[in-house]
Amino acid sequence: MEGGREIADDVPCSSLAVDSILRIGTAGAIWGLCIGPYDARKQGLTGVARASFVLKSVGKMGFQSGLFAGIFSTTQCGIQRYRRKKDMLNASIAGAVAGAAIAVRTRSLTQVIGMAVLVSAITTAADVSTAN
């Protein structure tokens, strides 16, 4: 830190979002590569159908993970810059927004609210545990 500023203060939110999307999206794709063959075997798929299923799994998991990471990191960075504070409230709000954005596909208000609360609690706990 130089004069109370961190390096992340000078990096644009879009750069942080791209970094998060690439890192977490890659992790999600690797997870899809690990879980895809297992799910294909459970469904009894073989040959080309199995390979296609695994490939779709890799894409789906990578996309969903990257989407979540992008929403979370962009929201957290934006809130931090707007409030000019780096505290756990930023992670709480960003977690709630990201959780709600992922759960909106269910079209159930109770599931959207539940996911927002759950992800907010997890991200807040993670933020508190990594602070200092």
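I began with contacts in the protein chain, counted between heavy atoms within 4.5 Å: among those joining residues at least 6 apart in sequence, 62% link residues at least 24 apart. The model is predicted, so to speak of local features I kept to pLDDT of at least 70 and for side-chain atom pairs to pLDDT 80 or more, while totals for chains, interfaces and linings use all residues. Residues are numbered from 1 along each chain as its sequence is written, and side-chain values use heavy atoms, with hydrogens and water left out.

Entry on the overall fold. I looked up the secondary structure as DSSP runs (helices H or I of at least four residues, strands E of at least two, numbered from the N terminus), and found four helices and zero strands. The radius of gyration, taken over C-alpha atoms, is 18 Å, well over the 14 Å of the globule rule for 132 residues, so the chain is more spread out than a compact globule; the rule is 2.2 Å times the number of residues to the power 0.38. Along the principal axes, the C-alpha atoms fill a box of roughly 60 × 35 × 25 Å. Of the 132 residues, 28% count as buried, that is, under 20% relative accessible area with a 1.4 Å probe and protein chains only, where exposed is over 50% and partly exposed lies in between.

Entry on α1. Just after α1, glycine 44 has a positive phi of about 75°.

Entry on α2. Helix α2 (residues 47-83) reaches 54 Å over its 37 residues, close to the 54 Å expected, and arginine 84 follows with a positive phi near 60°. I searched the whole structure for aromatic pairs and found one: phenylalanine 68 and phenylalanine 72 are stacked, 6.4 Å centre to centre with 10° between the planes. Rings of Phe, Tyr and Trp (its six-membered ring) pair if their centres lie within 6.5 Å, with planes under 30 degrees apart stacked, over 60 edge-to-face and the rest tilted. Phenylalanine 68 is partly exposed at 27% relative accessibility, whereas phenylalanine 72 is buried at 17%.

Terms used. The expected span of a helix is 1.5 Å times one less than its number of residues.
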